[in-house]
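Please open the structure in your viewer and keep the sequence beside it.

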Amino acid sequence: DGRTVSTSNGNITLSDITAEQQLTTSFADVTGSSIAYTPPSGTTHLKYSFKFHKGQGTGSFHLNTSILVDGTEVDNSRMTSYGGSDKVNVEYIFKTNASSEDVAKGHFTSWSSNKTIKVQAKEYNSSNEVQVHALHYWTSTDQGYISTPIITIIAYKDAS
């Protein structure tokens with residue numbers, strides 16, 4: 001909703017989602033999912049979660065999603081959501097102190113400066129159209145309300 005959140009490593013301003021997003025058959029950034037984040041010192045795992053509404057369109061609402069870090073896909077985060085209108089939660093737990101870097105698995109040897117995490121999504125095919133953030137059929141007049149997404153980040157530190 002555009003608010004600014006204070007963290008131990010600076011402020012983060014969240015996106016203000018005021019409109020639905022029509023997906024296509026090509027991957028695109030899901031509005032509101034992008035965040036540049038630096039975890040606190042000593043963090044060993046970082047959980048990113050992005051919950052958004054999927055719905056309307058035609059067909060069976062077949063959605064493909066993936067998480068990217070600094071523009072590189074985390075292959076193990078790939079997900080398919082199939083069926084009607086509902087909330088989709090795309091999440092992943094990254095290892096931030098791995099012995100070797102493997103972005104496809106979400107393993108990083110360090111994460112001491114901002115990395116941008118975001119979700120990309122697409123329709124499975126043109127017969128399965130998907131809109132995100134649009135809340136249809138809330139009332140009998142179908143006003144097309146906006147369902148604000150929720151982004152959550154939790155930093156963990158392994159016990160010694």
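**Before you start**

This is a predicted model, in which local features need pLDDT of at least 70 and side-chain atom pairs count only at pLDDT 80 or more, while totals for chains, interfaces and linings use all residues. Residues are numbered from 1 along each chain as its sequence is written, and side-chain values use heavy atoms, with hydrogens and water left out.

**Stop 1: the whole chain**

Show the protein as a cartoon, and you will find 0 helices and 14 strands, where helices (H or I, at least four residues) and strands (E, at least two) are DSSP runs numbered from the N terminus. Turn the view along the principal axes, where the C-alpha atoms fill a box of roughly 55 × 30 × 25 Å. The radius of gyration, taken over C-alpha atoms, is compared with a globule rule of 2.2 Å times the number of residues to the power 0.38; for 160 residues a compact globule would come near 15 Å, and the 17 Å of the protein agrees with this.

Colour by accessibility next, taking buried as under 20% relative accessible area, exposed as over 50% and partly exposed as in between, with a 1.4 Å probe and protein chains only. Buried residues make up 38% of the 160 residues. If contacts (heavy atoms within 4.5 Å) are counted between residues at least 6 apart in sequence, 69% of them join residues at least 24 apart.

**Stop 2**

Select strand E6, residues 45-55, which is mostly covered, with 8 of its 11 residues buried. Two strands are said to pair if DSSP finds at least two bridges between them. Which partners does E6 have? E6 pairs with E9 in the antiparallel sense over 10 bridges, and here His45 stands opposite Lys95 in E9. E6 is also joined by 7 bridges to strand E14 (residues 150-156), again in an antiparallel run, with Leu46 opposite Ala155. Finally, 2 bridges join E6 to strand E11 (residues 131-132), which run antiparallel, and Lys54 stands opposite Val132 there.

**Stop 3: strand E10 and its partners**

Now select strand E10, residues 115-123, of which 8 of the 9 residues are buried. E7 and E10 pair in the antiparallel sense over 7 bridges, and Asn64 stands opposite Lys122 in E10. E5 and E10 are antiparallel partners over 3 bridges, where Ala36 has Thr116 as its bridge partner. Strand E4 (residues 28-29) pairs with E10 in the antiparallel sense over 2 bridges, and Asp29 stands opposite Gln120.

**Stop 4: the nonpolar core**

In soluble globular proteins, nonpolar side chains tend to be buried together. A nonpolar core is here a set of buried Ala, Val, Leu, Ile, Met, Phe, Trp, Tyr and Cys residues joined through side-chain atoms within 4.5 Å. Select Tyr48, Ile67, Phe94 and Ile117, which touch the most other members among the 25 residues of the largest core. The elements that give two or more residues to this core are E5, E6, E7, E9 and E10.

What lies around Ile67? Leaving aside its neighbours within four places in sequence, Ile67 is in contact with residues including Tyr48, Val90, Tyr92, Phe94, Ile117 and Val119.

**Stop 5: the aromatic rings**

Rings of Phe, Tyr and Trp (its six-membered ring) pair if their centres lie within 6.5 Å, with planes under 30 degrees apart counted as stacked, over 60 as edge-to-face and the rest as tilted. The structure holds 5 aromatic pairs. In one of them the ring centres of Tyr92 and Phe94 are 5.3 Å apart and the planes stand at 55°, so this pair is tilted. Both residues are buried, Tyr92 with a relative accessible area of 15% and Phe94 with one of 0%.

**Stop 6: the loop at Ser112**

Is Ser112 buried or exposed? Ser112 lies in the loop between E9 and E10 and is exposed, with a relative accessible area of 65%. Draw a distance from Ser112 to Ile35: the two are 77 residues apart in sequence and 15 Å apart in space, C-alpha to C-alpha.
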